[in-house]
Amino acid sequence: MERTIFERIIACEIPATIEYEDADIIAIRDIAPAAPVHVLIIPKRVITSVDALAESDTDLVGRVFLVARDLARKYGIAENGYRVVTNCNADGGQTVFHLHFHLLGGEPLGRMNSASMSHVPAVASTALVRSTTLRDIVIVLAVTIGLAIGFNAMNPKAIAWIKPEFERQTATQTDIDKYLAPSTPAPSQPKEVIQQTPAQEQSATPLTTNAKPTAGASALPSPQPLADASTKVAPEQTFTSEPGVVREITYDMFVRLYQGSKNYLIDARGADKFAQGHINGAVNYYGGEVQSRIPDLLANVPRDRVILIYCDGGECELSHHVADVLKQFGYGPVFIYTGGWAEWTSKRK
Ligand code: 5GP
């Protein structure tokens, strides 16, 4: 029998983004995600479907669910909820005949209405067939329009009239002050305040969009070392989370937070611009494709930091795309430096 795509992925013949691996189980990101988090948890041994399971597989299947549980926690979706499903054979919608479980989450998934329709008898009355067909056409149209709008919304070169209107809230000095270490000075001499240090240079760990764990990656890797600017500030900084709060800040506010808060700095520009230069300590999450990096983001962006985001400056759409995702997953406070890279470099001249 021809080997399935999953066998070839397990044998490292085809690349995949591995989220978890042990001797018996591998979890990879789905190539066509149906939700912000969509991971396939696959027993390595060839078992074609649930229907081919044996009594002796009880432990293996149990462990699949524990991997699902741990991954859901890792992505921060456990509390809100998620779905673990497996499709069996043709009517179940299975397309790859190597047992696997879909872990889906990161947004409300709704009820499994489409699955409940699968029992409609093949000999249904003409009227039912007609109404079902009409309903299917409406659903397909709605999904297509939805996808188009979603794609457009996420595309920085989107058609203007259906571009998302971002909530733009300006930070006050009080919003900033509560995150600053008591000793943080006002940025009277910003050029010196933000001077580079070798430590800062070292902490800049760009995460490229192509970053893929190796096939030998071990179980649930712990988050990567944090790339931030916090190593240079006094230890008495405070942090109070403000889930879902996104505010825009000026250059002076940014300098103060960058230098004086426990923060995590994100550069939302494209990887090419990031490679040409970025603010020390920044991590790169391109705003134009942040939706496809949600698992990365959830695994690596800490929840106990002030999040600072910048892009080129101006409308800050790329920053807002990243901020929206963070907001959706309960991160906060998030501050967007509206002057961005353009202002930063001009002030540093
Ligand atoms: P099924 O339809 O069998 O329940 O699920 C198969 C899943 O495998 C689909 O969600 C599909 O997107 C995913 N898939 C198919 N080919 C590949 C591939 O080459 N790489 C990855 N990562 N996923 C794949």
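How many bridges join strand β9 to strand β10, and in which direction do the two strands run?

1. In this predicted model, β9 (residues 306–310) and β10 (residues 334–337) are parallel and are joined by 4 bridges. Within this pair, Ile 307 has Val 334 of β10 opposite it.

2. The two strands belong to an open sheet of 5 strands with parallel pairing, in the order β6-β10-β9-β7-β8. The edges are β6 (246–249) and β8 (283–284); each has a single partner strand, so one side of each lacks a neighbour in the sheet.

3. Helix α12 (residues 317–328) lies across β6, β7 (263–267), β9 and β10. Relative to β9, helix α12 runs at about 155°.

4. Strand β5 (residues 101–105) has 5 of its 5 residues buried, so the rest of the structure largely encloses it. Phe 101, Leu 103 and Gly 105 point one way from β5, while His 102 and Leu 104 point the other way.

5. Strand β5 has antiparallel pairings with β3 (residues 37–43), over 5 bridges, and with β4 (residues 82–85), over 4 bridges. Val 39 stands opposite Leu 103, and Val 85 has His 102 as its bridge partner.

6. The largest nonpolar core has 43 residues, and those with the most contacts inside it include Ile 41, Leu 71, Ile 307 and Leu 326. Helix α2 (residues 58–74) gives the most to this core, with 7 residues. Domain 1 (5–105) and domain 3 (173–208 + 224–348) both contribute residues, so this core lies between them.

7. A second, separate core has 21 residues, among them Ala 171, Ile 279, Phe 335 and Tyr 337.

Key: Residues are numbered from 1 along each chain as its sequence is written. This is a predicted model: local features need pLDDT of at least 70, side-chain atom pairs count only at pLDDT 80 or more; totals for chains, interfaces and linings use all residues. Side-chain values use heavy atoms; hydrogens and water are left out. A nonpolar core is a set of buried Ala, Val, Leu, Ile, Met, Phe, Trp, Tyr and Cys residues joined through side-chain atoms within 4.5 Å. Buried means under 20% relative accessible area, exposed over 50%, partly exposed in between (1.4 Å probe, protein chains only). Domain bounds come from an automatic or database domain assignment. Two strands pair if DSSP finds at least two bridges between them. Contact means heavy atoms within 4.5 Å. Axes are lines fitted to C-alpha atoms, for helices over the stretch in contact, and angles run from 0 to 180 degrees between N-to-C directions.
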